[in-house]
Structure formats: structure tokens, C-alpha cells
Amino acid sequence: MNDTQMFERYDWTVEPADTSERIDKFITLQNEDWSRSQVQAWVKEGRVTVNGEPIKNNYKLQVEDEVTLRVPPPKEMAIQPEEMSLDIVYEDSDVVVVNKPRGLVVHPAPGHYSGTLVNGLLAHCKDLSGINGVLRPGIVHRIDKDTSGLLMVAKNDKAHMGLAEQLKAHTVSRKYVAIVHGVIPHEMGTIEAPIGRDPKNRQQMAVVFENSKPAVTHFIVLERFKEYTLVELKLETGRTHQIRVHMKYIGYPLAGDPKYGPKNTLELDGQALHAKTLGFIHPRTGEQLEFEAPMPKEMLDVIEFLKQA
């Protein structure tokens, strides 16, 4: 590997909970935009070291191992349109609102140049705004791969700027539903705690009071179960992983969350989180629009299971 090549460096110190984990699986879990096959390729290319030494994909981690990954810069490449079934909730010449299923990556990134929502949107409507560059055309905001629900996408730069201004001004209405660990005793609450990079794990976010940004989440309890609670959450700000970090911070982490939740959790493919309501002012007409997406079947099934428990 050419050491003079520009790369992005990531460092982790292995915690006791990750002892004996395979190195390729461990790294894949640090960033949902990285596929396991891409991580395995990086290991083979020598881009991963443990305690300064290159290793193989089947290396089992030991506590306090120092893991370093050097990710090469993304390729400037044309993202290819791909035909896929999309749940389009609303569309006009400026804006698309799509109901994203769980498991679908929003935009291309190293290791995921195809099979993303952006690939599907390019096949669907041809033109997307170019403000966010070659890998994220049209994407004004994103939701995590394993979060389902509503996402607004801009078809042109004017619409993109108008929607982005509303996000910055906190005037976009975004409501989520989630299943969390524990039984929340009060009916509602507000979490006001700044979020920034976790100093112990740079690939996670955390409530920190230095090098952070203000973050506010409101919640109300919808239903209580034996060991879990169904909540509705309203975002006042839109920080990375905000709901997942805030609910962990107050002691009620999301069920199924592989990054911020406990290992002993419900059998879900990712966090039980759904973006159910999205409201904004149309950037051209000035009309107030609001959309709702019903909970996906997998979350409804889990709720039914919890009712019987």
C-alpha cells in the first residue's frame, strides 16, 4: 500500500465486551455504510492493523488491542441508476418523499456503490440535486440503514437549498416511533443533551459536553409492556444517531440496536425505529405538507409479541 496516498484513519481500543470477536465483524459493526466484504478486502490490502501489525480476517480480538483502519478516499464515479421497487409517498417536479424500508442504505459510500436508495431514485426520476456531490445527489437528510420511514429528496438545487434551510431552522416536523428497553414511568419528557463524537469510540456518537452540538428530543409514551415501552419521539434538532444516543443516555436504549443497545435484546435486524411523520413547507409553492407512513410489519409483529408476553 502506498503510504503517501490520502486516507481517512479510524482508531479503536477493544473493550472487554468485544473480546474474541473476529476483526472483520468488529470493524463492520463500527459503521453501517461499510459492508463486511469491503472490510475483508481492506484487511487483505493491509489497511487494518492491530497493535501496529497487519492481521488476517479471522483474527480474534483481545482486550485493549489497538485497532487502526485506513480507508482510501472514495472513488469519484458515476452512480448508476438501478431499477428497484420504491414506496413513493409524494412526488412533484421539485420534491420526492419516499418511505424507506429497513435495511436499505440511503446513499453510496465506500463498500456500497450500488443497491442504495439513491441508485433506485436515479432510475425512478433521472434528475436529483447536485449540492451534496457525486455520492449523495438529492439527499437533504438521511435516516440510518436499519431505520424505516419517511425521507425527503430534492430534485433540483433550489429545492435542496429551501429544504436544507428549513432543517437548519428546525421547522421540519419529524416524528418517530420506537420500542425501547425498560418501562418508562412518566408519560412524556424532553431530553436536552449535546451530542458529539464518543471520545472512547470515534465511530459512535455520545452525549458529550466538549466538541458537541445542542440536541433536543421530545417523547411521549404510547404503550407499556412487561420489559419494554413503545414511544413516539419528536426531533427538534437532527444530530447523527440522535434518538439512539438520547434514549441510551436516559437509560432506555432502543430494542435491537447493535451499536447503542444491550447485547441481550429483541431479535430484530437493527434498531426498532420508524420515521412515521414528515412535515415541511414546499420550497416552491410555500404550501405546508405533512405525510405519514404506517409502521412496518416487522415492528407491528414485535409489538404484538410484546403484548402477549
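# Notebook: a predicted model, looked up piece by piece

I began with Thr147, which is buried, with a relative accessible area of 2%. I note here that the model is predicted. Thr147 sits in the loop between α3 (117–125) and β7. I then asked which residues Thr147 is in contact with, leaving aside its neighbours within four places in sequence. The list is Lys100, Pro101, Tyr176, Gln271, Leu273, His274 and Ala275.

**Entry: strand β15**

Leu273, His274 and Ala275 from that contact list belong to strand β15 (residues 273–281), so I went there next. I looked up whether β15 is mostly covered or mostly open. Mostly covered is the result: eight of its nine residues are buried.

I went through the strand partners of β15 in turn.

- Strand β7 (residues 148–154) pairs with β15 in the parallel sense, over two bridges. Ser148 has His274 of β15 as its bridge partner.
- Strand β8 (residues 173–181) pairs with β15 in the antiparallel sense, over six bridges. Here Ala178 has Leu273 of β15 as its bridge partner.
- Strand β16 also pairs with β15 in the antiparallel sense, over five bridges. For Thr277 I found Glu292 in β16 as the bridge partner.

β15 and β16 form a hairpin with six residues between the strands. In this hairpin I noted Gly286, which takes a positive phi near 80 degrees.

**Entry: aromatic pairs**

How many aromatic pairs does the count give? I get four aromatic pairs. For Tyr10 and Trp12, the ring centres are 6.2 Å apart and the planes stand at 10 degrees, so I list this pair as stacked. Tyr10 and Trp12 are both buried.

I looked at Phe280 and Phe291 next. Their pair is tilted, with 6.2 Å from centre to centre and 40 degrees between the planes. This pair links distant parts of the chain, 11 residues apart: Phe280 is in strand β15, and Phe291 is in strand β16 (residues 288–292). Phe280 and Phe291 are both buried.

I also looked for a cluster. Tyr10, Trp12 and Phe26 form one aromatic cluster.

**Entry: helix α6**

Helix α6 (residues 297–308) has 12 residues. From its first C-alpha to its last I read 17 Å, close to the 16 Å expected at 1.5 Å a residue.

Which residues of α6 are buried? They are Met299, Val302, Ile303 and Leu306. Seen down the axis of α6, these buried residues fall within an arc of 100 degrees, so they line one face of the helix. As background, an α-helix has 3.6 residues a turn, so residues three or four places apart point the same way.

I checked what the buried residues of α6 pack against, and found β8, β14 (228–235) and β15. That brought me back to β15, the strand with eight of its nine residues buried. The face of α6 turned away from the buried side carries the exposed residues Lys297, Phe305 and Gln308.

I looked up two residues other than glycine with a positive phi.

Asn51 has a phi near 55 degrees. Its place is the loop between β2 (48–50) and β3 (53–54). Asn51 counts as partly exposed, at 46% relative accessibility.

Glu64 has a phi near 70 degrees. I found Glu64 in the loop between β3 and β4 (66–71). Is Glu64 buried or exposed? Glu64 is exposed, with a relative accessible area of 62%.

**Entry: domains**

Last, I looked up the domain assignment of the chain. It gives domain 1 (8–71) and domain 2 (88–308). The centres of domain 1 and domain 2, taken over C-alpha atoms, are separated by 27 Å. How many residues does each domain put into the contact? Domain 1 gives 13 residues and domain 2 gives 14 residues.

Definitions and conventions:
Residues numbered from 1 in each chain as written. Predicted model: local features only at pLDDT ≥ 70, side-chain atom pairs only at ≥ 80, totals over all residues. Heavy atoms only, no water. Phe/Tyr/Trp six-rings, centres within 6.5 Å; stacked < 30°, edge-to-face > 60°. Buried < 20%, exposed > 50% of the residue type's maximum accessible area, 1.4 Å probe, protein only. Helix = DSSP H or I, 4+ residues; strand = E, 2+ residues; numbered from the N terminus. Pairing = 2+ DSSP bridges. Expected span 1.5 Å × (residues − 1). Arc of directions from axis to C-beta. Contact = heavy atoms within 4.5 Å. Domains from an automatic or database assignment.
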